[in-house]
Amino acid sequence: MKRSRSISPAVAILVAEALAFVVVLASLPGQTFAGKTSAFVRKDEKAVDMPLDSDVFRVPPGYNAPQQVHITQGDCDGLAVIVSWVTPDEPGSSLVLYGTSENDLILSANGKVEQYRYYNYTSGYIHHCTIRNLKYDTVYYYAVGVDQTLRKFWFTTPPEVGPDVPYTFGLIGDLGQSFDSNNTLTHYELNPRKGKTVLFVGDLSYADNYLNHDNVRWDTWGRFIERCAAYQPWIWTAGNHEIDFAPDIGETEPFKPYKHRFHVPYTASGSTAALWYSIKRASAYIIVLSSYSAYGKYTPQFKWLEAELPKVNRSQTPWLIVLMHSPWYNSYNYHYMEGETMRVMYEPWFVNYKVDVVFAGHVHAYERSERISNVAYNIVNGQCSPVPDQSAPVYITIGDGGNQEGLATNMTEPQPNYSAFREASFGHAIFDIKNRTHAYYSWHRNEDGYAVEADKMWFTNRFWHPTEESSAYVMHSLH
Ligand SMILES: *[C@@H]1O[C@H](CO)[C@@H](O)[C@H](O)[C@H]1NC(C)=O
Ligand SMILES: *[C@@H]1O[C@H](CO)[C@@H](O)[C@H](O)[C@H]1NC(C)=O
Ligand SMILES: *[C@@H]1O[C@H](CO)[C@@H](O)[C@H](O)[C@H]1NC(C)=O
Ligand SMILES: *[C@@H]1O[C@H](CO)[C@@H](O)[C@H](O)[C@H]1NC(C)=O
Ligand SMILES: *[C@@H]1O[C@H](CO)[C@@H](O)[C@H](O)[C@H]1NC(C)=O
Ligand SMILES: *[C@@H]1O[C@H](CO)[C@@H](O)[C@H](O)[C@H]1NC(C)=O
Ligand SMILES: [Fe+2]
């Protein structure tokens, strides 16, 4: 939407909103809609990493005390949890004690400990222990650091997988460890919509921006997120900052630090690599893809996804969610078209299997698309524009976690008509599944109060209730 420079921003916003509303009214139903580029103005300051002596990086007291404690789902259905932690001085015990009574941890499981080297850095002792046969929808207490410094945490298992189970996911991407990252995590923790599991869309620590990819910054990141990730699972996606490929310093094994530190249940979904896998959680089927592993025809990831999509039973898990790092639809002038080759390979499948929503990161900003597809093109027919398609996913870029690289503010102009809303601000989102037909989605920017929704949308399930969603629907909910 063009506007004159002479009118004040506040008036311009009102005019823009009113115009958008008129456009919506004039074009109902099923027409194309003008997207919105938010006029929100934030402080434009550089994102600065928190110094090594920050409170959030503090080493827990006690000899060989476990640190960087984090959990993730450990099987297909949510009845297992992988507990991971690091001990700094010696291996110590890989036992996890757990139980449903806080002061009586009567169960135990033993994990494994590993270590890795990266250039001149040697990691601490990294423990991973999978605890299995849990009960659904139950609070478990657990402890690590047996026989040395015992530290206790707790988590809640998800409800049994089923079509009408409500569940609330948080979305965070490209987090890093700046003061803004801390702000994003705090906003997620204090959001009254209360996310129960984080879907993390890649780019974790940004340690690779330091000299020799200083892996000490992987440790600080692990300590930073512990306050959340020890108590609720974070579902991991690998981004480009996890590759850590640095042949100039002799580091030629891609994803080395990431794979040692963040274990995921990939074998449970028949995957042969930790970088792509799936889980079921409550009423959602979540597929994690790797933008930085081969995905062309005949590759392991291609074959896995080809076999995986037909397995999704929408009667059991109505909501089909895909996570990846590099977005397919992105109208910012950053990482422009980097997701294009994967889109060309997989988009027809996503439309065919009616994926509800795709979350990506990479671009350090926020964007939500209309339901669109671009699958008609066959090299000779010239049909290469995204078109409205109610069988297609909504694409959301949520790479706005707040890392030190700062915000992506440069957008392609004019805003393409497939882009429904875009804004360069740090924040997080919540995907709140109500039942098999409805999910409420909201985006929360860090500048606002914890409960403020800067963008929002009702999702209707593509399998059970594929009503037409459009900006009109969104505009309506704003009034
Ligand atoms: C990070 O955020 C937490 C929670 O708001 C706060 O207690 C802490 O002081 C912050 N740390 C830094 C370094 O900003
Ligand atoms: C690794 O090397 C860098 C410089 O190349 C140096 O500053 C750093 O202290 C070294 N770290 C260790 C653990 O030796
Ligand atoms: C799909 O899930 C439903 C509900 O759990 C079940 O009754 C049905 O047998 C499943 N279908 C297939 C093909 O497995
Ligand atoms: C924004 O990106 C475009 C395309 O890369 C470039 O030509 C332009 O100079 C950039 N604008 C600013 C203000 O950086
Ligand atoms: C965008 O506009 C073009 C040209 O008017 C049209 O063909 C296309 O369907 C529109 N796409 C969307 C997503 O509305
Ligand atoms: C599903 O949730 C939506 C939104 O809360 C509600 O309007 C609808 O009635 C629910 N459907 C059923 C069958 O309960
Ligand atoms: Fe990235």
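1. Ile379 sits in the loop between β20 (372–373) and β21 (387–388). The model is predicted, and in it Ile379 has a positive phi of about 80 degrees although it is not a glycine. With a relative accessible area of 68%, Ile379 is exposed, because the cut-off for that class is over 50%.

2. Asp174 also deserves a look at its backbone: phi is positive, about 50 degrees, and the residue is not a glycine. Asp174 belongs to the loop between β12 and α2. Its relative accessible area is 0%, so Asp174 is buried.

3. Gln177 is placed in the loop between β12 (167–172) and α2 (179–190). The relative accessibility of Gln177 is 0%, and it therefore counts as buried. Its side chain makes a polar contact with the side chain of Thr220, at 2.5 Å.

4. A cis peptide bond runs from Glu413 to Pro414, with omega near -5 degrees. Pro414 is located in the loop between β22 (394–398) and β23 (419–423).

5. The metal site comes next. The iron ion (ligand 7) is coordinated by Asp203 (OD), Asn240 (OD1), His325 (NE2) and His362 (ND1), at 2.1 to 2.3 Å. Along the chain, the donors of the iron ion (ligand 7) follow the spacing D-x36-N-x84-H-x36-H. Two of these residues link distant parts of the chain, being 85 residues apart: Asn240 is in the loop between β14 (234–235) and α4 (256–261), while His325 is in the loop between β17 (319–323) and α6 (340–352).

6. Why is the arrangement of the four donor atoms around the iron ion (ligand 7) irregular? The angles they subtend run from 84 to 171 degrees. For reference, ideal angles are 109.5 degrees for four tetrahedral donors. Water is not among the atoms, so the site may look incomplete.

7. Ligand 6 is surrounded by Lys434, Asn435, Thr437, His438 and Trp458. By class, this shell around ligand 6 consists of one nonpolar, three polar and one charged residues. One oxygen atom of ligand 6 is 2.3 Å from an N or O atom in the side chain of Asn435. On its own, ligand 6 exposes 360 Å², of which the protein buries 36%.

8. Around ligand 3 are Asn313, Ser315 and Gln316. An oxygen atom of ligand 3 lies 2.3 Å from an N or O atom in the side chain of Asn313. Of the 360 Å² of accessible area that ligand 3 has on its own, the protein covers 25%.

9. Ile131 is part of strand β9 (residues 125–131). Its relative accessibility is 0%, so Ile131 counts as buried. Ile131 and Leu79 are 52 residues apart along the chain, and their C-alpha atoms are separated by 8.5 Å.

Definitions and conventions
Residues are numbered from 1 along each chain as its sequence is written. Chains are lettered from A and ligands numbered from 1 in the order in which they are written. This is a predicted model: local features need pLDDT of at least 70, side-chain atom pairs count only at pLDDT 80 or more; totals for chains, interfaces and linings use all residues. Side-chain values use heavy atoms; hydrogens and water are left out. A residue is near a molecule or strand if one of its heavy atoms lies within 4 Å of it. A polar contact is a pair of N or O atoms within 3.5 Å; within protein, one must be able to donate a hydrogen and the other to accept it, and residues adjacent in sequence count only if both atoms are side-chain atoms. Accessible areas come from the Shrake-Rupley method with a 1.4 Å probe; for residues, only the protein chains shown count as cover. Ala, Val, Leu, Ile, Met, Phe, Trp, Tyr, Cys and Pro count as nonpolar, Asp, Glu, Lys and Arg as charged, and the others, Gly among them, as polar. Donors are N, O and S atoms within 2.8 Å of the metal (3.2 Å for Na, K and Ca); water is not among the atoms, so sites may look incomplete. Four donors count as tetrahedral if all angles lie between 85 and 135 degrees; four count as square planar and six as octahedral if opposite donors are over 155 degrees apart and all others between 65 and 115; anything else is irregular. Helices (H or I, at least four residues) and strands (E, at least two) are DSSP runs, numbered from the N terminus. Buried means under 20% relative accessible area, exposed over 50%, partly exposed in between (1.4 Å probe, protein chains only).
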